[in-house]
Every structure is written in C-alpha cells, then in structure tokens.
Amino acid sequence: MNFGTRLLHGSGDIDKNTGALSTPIYQTSTFHQFDIDNFGKYDYSRSGNPTRDALENLIAELESGQRGLAFSSGMAAISSVLSIFSAGDHIIICGDVYGGTYRASTQLFSRFNIEFTFVDASNIEEIKNAFKENTKGLYLETPSNPLLKVTDLRAASKLAKEHGTITIVDNTFMSPYLQRPLELGADIVVHSATKFLGGHSDVIAGLVVTKTKELGDRVYQIQNTFGAILGPQDCWLIIRGIKTLKVRMDAAQNNADKLANWLDKRKEVEKVYYPALKSHEGREVHLSQADGGGAVLSFKFNSLKRTKIFLNNVKNVAVAVSLGGVETIVSYPVKMSHASIPKKERDKLGVTDTLIRVSVGLEDIKDLIDSFKEAIEL
Ligand SMILES: *Cc1c(COP(=O)(O)O)cnc(C)c1O
C-alpha cells in the first residue's frame, strides 16, 4: 500500500464491533473484567486505551517501526524517551535543538546526572569526535529549528551503531510522509503531533515510535510509570489530522517552495533558509533522505527595524509560536521558541534578532505573497 492509502487505512480503520468508519472515542478510565482468572486486554486507561491503541498502531505503521506510543505533548514524549537513560549516561545532542528539549536536557535531566554534549550535527566530524565511553544516546533534529540545518541521518546513525548508541530523531518538521528516520537507521522517532500530524492548531500531543519491540517496551514502561499519556479525545483528533497529512503537506510544501524563492529575490532579505532551496547548504543530503523541503522556512531581514515593522504589520497570517497548522504562522524565534536559550548560545547558533520563521499554510499563494510584499515594503 502506498503512503497516502496507509494514512487512511493504517490503523485498522473500520471498527470491528460496529462498522464505524471513524475510530470510536473510548472515554473511559477503567474496564470491567468479565473473568477474574482471565483479564481482558484493557484494565486501566493509563496502561492502555483502544482509541490510543489505534493512534499508536497507526503512527508505528507510518514510521515503519515496531511500536508507537502517544503522549500528552511533544515534550512529554521527548522527556519520556530521555527517561530511558540513567545517571552516568552521556548523550550527544544537536546544538540547535527545539527550545523545550534544550531546557529539558540542561535544566532537568542534567540534575539526574545525565550528561549532554551539544554539537553542530550538520558536521558529521563533530558527532564523531563527541563519542565517549559512556555515550548511550545521539539526539537529532533534521532539518533543525529554526535554521533548517541538515544532518545526514544514514551517516549519523551508522556512527551511533558502531558505538552501541541509540539514535533518536525528532521528526516533527518533516512528518513520516516526507522523512522516515527508522528506515535510514535511527532507533527512535519522536514527534510533536501538535504540529503537522494534528495539523489544525487545535491539540497538544506527542508521539514516539521505536524500531524494535525491546525499545518499545522500555518506553512503554516509562509511559505507564510516568503517566504522561494522551487522552482518547485528543488521540481521535490526531487520527483525524493524519488522514489529510498528505494533501496538507503537498499543498503547504508547494506554497513554502514558492514563498522561499520569492523571499530569496528580495533585497530586504539577507538570507533564506529552506532545505529545498538551490542555495541551501544541506540540500543534497536533505533530498537524499526526505521527499521534499517541507513547509517550514526561515529568513533574515537586513535590519532589526524592518523585522519589527514586518512582524507588527503582516496581514492574514498568525504571529505566534507553533507550526504545522493549516494557517500560516510567522514566529520570532528569539522571543518565542528560542527564548530559553541564552543569548550567547543563540548568537553562536545564528539565531539573531532579525530571524523570522514561517510555517507556511494552505492559503492561496498569491494572497500570501501579497501579504508579505505589503509588510516588507512598509
Ligand atoms: C513543538 C515542538 C516540540 C514540542 O512539542 P509540544 O507538543 O509543544 O510539547 C518538540 N520538537 C519540535 C521540533 C517542535 O516543533
């Protein structure tokens, strides 16, 4: 079955009991046991729920993994995955990681004596040189946020394998439609399903997929113990979002490509970051492991004044945190997603106060470019 079909029929779709086409929402905390000597499949919804199962099976199928797990947010998913490590373990992590992941590693897990080394993962040599005796994890995001830097997933996970290290990839920006890290050698994929998978800016959710059953069991143990599960209503919303992933992604990516090329020609714009753009450093590697540039781009204005004027005046788009919704969202990383990264670190990464990130939505591209043009020319 091709990907577009699997989106619709991958979760077992039709309900065996009733024939319902839409997965029923099992809004229950507990389950009656009909036979005291032989308990049923479900007993308590933290441990398992049929609606959550449908989503977990669906995402596992789409990411080509053995097990899927649904969490109450992307950060709950990421924190739960990091919780499979122990005090004394060392993790190599990409420097321009999502702000919340940076906070979780530097302010939470470091307190439990898990050690992190931040590297520029787009440079495979830096990853290679960071391995230590106690390295147990390699944590990557590609393309990264907000500068869309590209990591060679095949090469990085091969290195990790040689060191007996687990590779974890945050695949939020691409979604399994465009990139499937487990097929490239990674061991665990994490998602903020709040973004492209949900797709409508109406739910907070996180997903994990593991390549092996054994890793799945380890993350499940954390899910059941720590308890940051996704409720059945929200599972249903993510299942519904996933049904249209392909058509949304195709349309948004098409718009993003046009907007990136238009911005690239403007004299007010210093640089455009979009992985499918001809001038993008990581383009070749990216297109060897993903089926397109995606729907997120960033750009730098040539002055702070123009950056502020643009943000305060751009019409028909949201100026907000988050991405991956049907509406275009313009965000300002230094005050939003990357506010928790110290200025010194941000400057080192190139996340400056003239940088704007755009999650391109499904608006008519002519209207979108007109809105940008108007705000740029003020
Ligand atoms: C939003 C985001 C997260 C965090 O997800 P939440 O659902 O907001 O908790 C993690 N990684 C990336 C790349 C994100 O964009």
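The largest cavity is lined by Phe196, Gly199, Arg248, Met249, Ala252, Gly324, Gly325, Val326, Val360 and Leu362. A cavity here is a set of points, on a 1 Å grid over the protein atoms alone, where a 1.4 Å probe fits but cannot get out; lining residues have an atom within 4 Å of a point. This is a predicted model, in which local features need pLDDT of at least 70 and side-chain atom pairs count only at pLDDT 80 or more, while totals for chains, interfaces and linings use all residues. Residues are numbered from 1 along each chain as its sequence is written, and side-chain values use heavy atoms, with hydrogens and water left out.

**Cavities**

- The volume of the largest cavity is about 50 Å³, a volume being the space filled by probe spheres set on the grid points, which are joined across faces, edges and corners.
- The structure has 3 cavities of 30 Å³ or more.
- The lining of the largest cavity comprises 6 nonpolar, 3 polar and 1 charged residues. Ala, Val, Leu, Ile, Met, Phe, Trp, Tyr, Cys and Pro count as nonpolar, Asp, Glu, Lys and Arg as charged, and the others, Gly among them, as polar.

**Largest pocket**

- The largest pocket has a volume of about 410 Å³; a pocket is an open set of grid points with protein on both sides within 12 Å along at least five of seven lines.
- It is lined by 24 residues, of which Met75, Tyr98, Gly100, Ser192 and Lys195 are the closest to its centre.
- Helices H3 and H4 (99-108) are the elements that give two or more residues to this lining; helices (H or I, at least four residues) and strands (E, at least two) are DSSP runs, numbered from the N terminus.
- By class, the pocket lining has 8 nonpolar, 11 polar and 5 charged residues.
- The ligand takes up the space of the largest pocket, where a molecule sits in a pocket if more than half of its atoms lie within 2 Å of its grid points.

**Ligand shell**

- The ligand is surrounded by 14 residues, the closest being Met75, Asp170, Ser192, Thr194 and Lys195; a residue is near a molecule if one of its heavy atoms lies within 4 Å of it.
- Helix H3 (residues 74-82) gives the most to this shell, with 3 residues.
- The shell divides into 6 nonpolar, 5 polar and 3 charged residues.
- Oxygen atoms of the ligand lie 2.9 Å from a side-chain N or O atom of Ser192, 2.7 Å from one of Thr194 and 2.7 Å from a polar side-chain atom of Lys195. A polar contact is a pair of N or O atoms within 3.5 Å.
- The protein covers 92% of the 380 Å² of accessible area that the ligand has on its own, by the Shrake-Rupley method with a 1.4 Å probe.

**Backbone**

- Most residues other than glycine have a negative phi, and most peptide bonds are trans.
- The peptide bond from Thr142 to Pro143 is cis, with omega near -5°, and Pro143 is in the loop between strand S4 (135-141) and helix H6 (153-162).
- The bond from Asn145 to Pro146 is cis, with omega near 5°; Pro146 is in the loop between S4 and H6.
- Ser64, a residue other than glycine, has a positive phi, near 60°, and is in the loop between helix H2 (50-62) and strand S1 (67-71).

Terms used:
Polar contact = N/O pair within 3.5 Å; in protein donor to acceptor, adjacent residues only side chain to side chain.
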